[in-house]
Amino acid sequence: MKKKLAVVLFTIIAFIFIVFYLKKDAIFQRGNPVPYLWAASQISEENTYIKVFSDQEIYIAKRGECPELFSYFMNEINGEFVEQAGSGYLFTDGVSNYVISSEVYWGRFKVWTLPKIEK
């Protein structure tokens with residue numbers, strides 16, 4: 001019985017390692033996936049986007065455009081949306097131009113990188 005259990009556990013662990021090895025590029029596409037997954041777990045109807053790191057302007061949201069994040073950014077710069085260029089979204093405050101870039105993360109989420117705003 002103990003041998004059977006050891007074989008089953010070994011098989012499960014080996015399978016997990018094989019999956020991690022084959023999918024490592026996707027799993028670790030932005031480095032350590034834990035902060036991104038923790039932030040993604042906090043996404044809700046009220047909070048459609050979550051800041052991933054407290055010291056960086058990186059946010060995560062469900063896949064698709066995130067108008068709430070755009071509104072937040074436009075309020076921060078007191079500006080307006082100009083146009084979309086690929087995965088970049090262009091904004092202006094009349095003096096400076098800003099680009100918000102996006103990247104699909106694990107197929108279900110989008111990671112948004114906002115520029116630092118000089119105040």
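**Aromatic pairs, cores and helix packing**

Me: At 9% relative accessibility, does Phe70 count as buried or exposed?
Reply: In this predicted model, the relative accessibility of Phe70 is 9%. The cut-off for a buried residue is under 20%. Phe70 therefore counts as buried.

Me: What is the angle between the planes of Phe70 and Phe91?
Reply: Phe70 and Phe91 form an aromatic pair with a centre-to-centre distance of 5.7 Å. Planes over 60 degrees apart count as edge-to-face. The pair is assigned to that class, its planes standing at 65°.

Me: How many residues apart in sequence are the parts tied together by Phe70 and Phe91?
Reply: At 1% relative accessibility, Phe91 counts as buried. Phe91 belongs to strand S4 and Phe70 to helix H4, so their pair joins parts of the chain whose separation in sequence is 21 residues.

Me: Why is the pair of Phe70 and Phe81 stacked, and what is the angle of the planes?
Reply: The structure holds 14 aromatic pairs. For Phe70 and Phe81, the ring centres are 6.4 Å apart. Planes under 30 degrees apart count as stacked, and this pair is stacked because its planes lie at 15°.

Me: Which strand holds Phe81, the partner of Phe70 in helix H4?
Reply: With 37% relative accessibility, Phe81 counts as partly exposed. Its pair with Phe70 links distant parts of the chain, 11 residues apart. Phe70 is in helix H4, while Phe81 is in strand S3.

Me: Which residues do ring pairs link into a cluster?
Reply: A pair of aromatic rings is described by the distance of the centres and the angle of the planes. Here, ring pairs connect a cluster made up of Phe70, Phe73, Phe81, Tyr89, Phe91, Tyr98 and Trp112.

Me: Which element gives the most residues to the largest nonpolar core?
Reply: This core has 13 residues, of which Phe73, Phe91, Ile100, Trp112 and Leu114 touch the most other members. At least two residues come from each of S2, H4, S4 and S5. The element that gives the most, with 4 residues, is H4.

Me: How many residues are in the second, separate core?
Reply: Tyr36, Val52, Ile58 and Val111 are among the members of this second core. The core is separate, and its residues number 11.

Me: Within what arc do the buried residues of H3 fall?
Reply: Helix H3 spans residues 34-41, and its buried residues are Tyr36, Ala39 and Ala40. Viewed down the helix axis, these residues line one face, because they fall within an arc of 100°.

Me: Which strands pack against the buried residues of H3?
Reply: The other side of H3 carries the exposed residues Val34, Trp38 and Ser41. The buried residues of H3 pack against S1, S2, S5 and S6.

Me: Which residues does Ser102 touch, not counting those up to four places away in sequence?
Reply: Ser102 lies in strand S5. At 11% relative accessibility, Ser102 counts as buried. Its contacts are Ser87, Tyr89, Lys110, Val111 and Trp112.

Me: Which element of the chain has the highest mean pLDDT?
Reply: The chain has a mean pLDDT of 92, with 99% of its residues at 70 or more. Helix H2 has the lowest mean among the elements, 84. The highest, 96, belongs to S1.

Terms used: Residues are numbered from 1 along each chain as its sequence is written. This is a predicted model: local features need pLDDT of at least 70, side-chain atom pairs count only at pLDDT 80 or more; totals for chains, interfaces and linings use all residues. Side-chain values use heavy atoms; hydrogens and water are left out. Buried means under 20% relative accessible area, exposed over 50%, partly exposed in between (1.4 Å probe, protein chains only). The arc is that of the directions from the helix axis to the C-beta atoms. Contact means heavy atoms within 4.5 Å. A nonpolar core is a set of buried Ala, Val, Leu, Ile, Met, Phe, Trp, Tyr and Cys residues joined through side-chain atoms within 4.5 Å. pLDDT is the predictor's confidence in each residue, from 0 to 100. Rings of Phe, Tyr and Trp (its six-membered ring) pair if their centres lie within 6.5 Å; planes under 30 degrees apart count as stacked, over 60 as edge-to-face and the rest as tilted.
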